[in-house]
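Okay, thanks for coming, everyone.

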Amino acid sequence: MVAITVKFMLVFGNYLHERYHGRFYAKAQSLRPALTAKYDSALSEYDALVMPATPMKAHRIDSQAPYSMITNTAPFDITGHPAISVPCAMSNGLPVGLMLIARHFDESTLFKIAHAYEQSVDWMKA
């Protein structure tokens, strides 16, 4: 399954580049400052943001996992904010991820919060 997904994304990316000559990439890059500013604004009030790592529960490896599983994590590939996911619960035998996001260059805050959470919560039973 993973190999098929990787091949698809490589072929699709090559097609977009040949057909549209980087216009979609340029459009996404032009949205970067506004998206970064929104997260910077929220992080000016809080030490970290907390959200689900994925918009839905995990799928079994043998299932057809939708590409929409990255919608919560992808923005930080663009903005450059440090983010970390820690397991926070189990659902039907699969882990549920808790994602923490911090200010630029403040990874130490994420590590401290993640460590404190892992020490205080037995997520296997949550």
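Predicted model: local features only at pLDDT ≥ 70, side-chain atom pairs only at ≥ 80, totals over all residues.

Residues are numbered from 1 along each chain as its sequence is written, and side-chain values use heavy atoms, with hydrogens and water left out.

Confidence, then. pLDDT is the predictor's confidence in each residue, from 0 to 100. The chain averages 87, with 88% of its residues at 70 or more. Helix 4 comes out highest with a mean of 95, and helix 1, residues 2–20, comes out lowest with a mean of 84.

Now the fold. Helices (H or I, at least four residues) and strands (E, at least two) are DSSP runs, numbered from the N terminus. We have 4 helices and 3 strands, and the order along the sequence is α-α-β-α-β-β-α.

How are the strands put together? We call two strands paired if DSSP finds at least two bridges between them. Strand 1, residues 48–52, runs antiparallel to strand 3 with 5 bridges, and Met-51 sits opposite Met-99 there. The hairpin of strand 2 and strand 3 has 2 residues between the strands, and Asn-92 takes a positive phi near 55 degrees.

On burial: buried means under 20% relative accessible area, exposed over 50%, and partly exposed in between, with a 1.4 Å probe and protein chains only. Of the 126 residues, 21% are buried.

Next, the charges. A salt bridge here is a side-chain nitrogen of Lys or Arg within 4 Å of a carboxyl oxygen of Asp or Glu. That rule gives 2 salt bridges. One is Arg-103 with Asp-47, at 3.8 Å, N to O. Arg-103 is in the loop between strand 3 and helix 4, while Asp-47 is in the loop between helix 2 (23–43) and strand 1, so the pair ties together parts 56 residues apart in sequence. Arg-103 is partly exposed at 31%, and Asp-47 is exposed at 52%. Then there's Lys-125 with Asp-122, at 3.9 Å, N to O. Lys-125 is exposed at 71%, and Asp-122 is partly exposed at 43%.

So which residue is buried yet has no salt bridge? That's Asp-106, whose nearest side chain of opposite charge, Arg-103, is 4.1 Å away. For that search Lys and Arg count as positive, Asp and Glu as negative, and His and the chain ends aren't counted. Asp-106 sits in the loop between strand 3 (94–102) and helix 4 (107–120). Its side chain does make a polar contact of 2.8 Å with the side chain of Thr-109. A polar contact is a pair of N or O atoms within 3.5 Å; within protein, one must be able to donate a hydrogen and the other to accept it, and residues adjacent in sequence count only if both atoms are side-chain atoms.

Last stop: Thr-73, in the loop between strand 1 and helix 3 (75–79). Thr-73 is partly exposed, at 29% relative accessibility. Leaving out residues up to four places away in sequence, Thr-73 touches Ala-53 and Met-99, where contact means heavy atoms within 4.5 Å.
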